Amino acid sequence: MGATYNEGSRRLQDAFDTRRLADRLDERFVQRAAIDEDDRAFIERMDMFFLATADAEGRPQCSYKGGDPGFVRVLDPVTIAFPVYDGNGMFLSAGNVLVNPHVGLLFVDFTSERPARLRLNGVASVDPDDPLLASYPGAQLVVRVRATQVFPNCPRYIHRMALVERSRFVPRAGQEPPIPDWKRRDWACDVLPATDPARST
């Protein structure tokens, strides 16, 4: 694993006299690539996370990934997996993974009595023949991430929120998800994939 801090980080740490603190945090929390049992429990109860990717030129994308609790699976102490569900067909995040596998995931628990968050940075891969694909109803792909850093993040600025409703569009075994309205719009309906259920409505 490479150095956690770059020259820009170091300049700001020196400007705000936080280099010693940053080094302690790096030593104590960041230089850990293993997913422990507490991390596993946290990750597998989450129903969403934010995914940061970048293309081959370093241009970033940040996306929201949601599902039912447990849609992100911890496969072993250094590997997680999550599905890619039907989206808008742009494949910005998954496409980035194919050309630049370095990713960052941010898990945030907004709803517990004590909000919390966890960062997981790593190297991602996408295999169209991943055997896990069959265990995710409605998934188009499965992304696996080999963790290089797993660490908690200070929760003090997390807004506490309440879950109102889980998305009705999340694929579930034995249920056909509804068709999103945008797929019925004039600008979209004639360019949908041939296998898209919206083409027959």
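Me: Before I start counting, what counts as a helix or a strand here?
Reply: Helices (H or I, at least four residues) and strands (E, at least two) are DSSP runs, and they are numbered from the N terminus. One thing to keep in mind is that this is a predicted model.

Me: What box do the C-alpha atoms fill?
Reply: Taken along the principal axes, that box is roughly 60 × 40 × 30 Å. The chain has 201 residues, and 34% of them are buried.

Me: How much accessible surface does the chain have?
Reply: About 12,700 Å², with 54% of that belonging to carbon and sulfur atoms.

Me: What about contacts between residues at least 6 apart in sequence?
Reply: Of those contacts, 61% join residues at least 24 apart.

Me: New topic: how many charged side chains are there, positive and negative?
Reply: There are 26 positive and 28 negative side chains, and the centres of the two sets lie 4 Å apart.

Me: Let's look at the second largest pocket. What is its volume?
Reply: The volume of that pocket is about 490 Å³. Its lining has 16 residues, and those nearest the centre are Tyr 5, Ala 22, Leu 25, Phe 151 and Asn 153.

Me: Which elements supply at least two residues of that lining?
Reply: α2 (19–30), β6 (116–126) and β7 (139–153) each do. The largest share is from α2, with five residues.

Me: Over to Phe 42. Where is it, and is it buried or exposed?
Reply: Phe 42 sits in helix α3. It is buried, because its relative accessibility is 10% and the cut-off for buried is under 20%.

Me: Who does Phe 42 touch, beyond its neighbours within four places in sequence?
Reply: Its contacts are Phe 107, Asp 109, Ala 116, Arg 117 and Leu 118. Take Ala 116: Phe 42 and Ala 116 are 74 residues apart in sequence, and their C-alpha atoms are 9.1 Å apart in space.

Me: Nice. Where does Asp 47 lie?
Reply: Asp 47 is in the loop between α3 (37–45) and β1 (48–54). At 18% relative accessibility, this residue counts as buried.

Me: And what is Asp 47 in contact with, leaving aside neighbours within four places in sequence?
Reply: Its partners include Tyr 64, Lys 65, Gly 66, Gly 67 and Asp 68, and also Leu 163 and Arg 166.

Me: How about Pro 60, buried or exposed?
Reply: Pro 60 is exposed, because its relative accessible area is 64% and exposed means over 50%. It belongs to strand β2 (residues 60–66). Apart from neighbours within four places in sequence, Pro 60 is in contact with Thr 53 and Ala 54.

Me: How far is Pro 60 from Tyr 157?
Reply: Their C-alpha atoms are separated by 24 Å, and the two residues are 97 apart along the chain.

Me: Last topic, backbone angles. What is phi for Asp 17 and Phe 91?
Reply: Asp 17 has a positive phi of about 55° although it is not a glycine. Phe 91 also has a positive value, near 50°. Most residues other than glycine have a negative phi.

Me: Where are those two found?
Reply: Asp 17 is in the loop between α1 (7–15) and α2. Phe 91 is in the loop between β4 (79–85) and α4 (92–99), and it is partly exposed, with a relative accessible area of 40%.

How values were computed. Residues are numbered from 1 along each chain as its sequence is written. This is a predicted model: local features need pLDDT of at least 70, side-chain atom pairs count only at pLDDT 80 or more; totals for chains, interfaces and linings use all residues. Side-chain values use heavy atoms; hydrogens and water are left out. Buried means under 20% relative accessible area, exposed over 50%, partly exposed in between (1.4 Å probe, protein chains only). Contact means heavy atoms within 4.5 Å. Accessible areas come from the Shrake-Rupley method with a 1.4 Å probe; for residues, only the protein chains shown count as cover. Lys and Arg count as positive and Asp and Glu as negative; His and the chain ends are not counted. The place of a charge is taken as NZ of Lys, CZ of Arg, CG of Asp or CD of Glu. On a 1 Å grid over the protein atoms alone, a cavity is a set of points where a 1.4 Å probe fits but cannot get out, and a pocket is an open set with protein on both sides within 12 Å along at least five of seven lines; lining residues have an atom within 4 Å of a point. Grid points are joined across faces, edges and corners, and a volume is the space filled by probe spheres set on the points.
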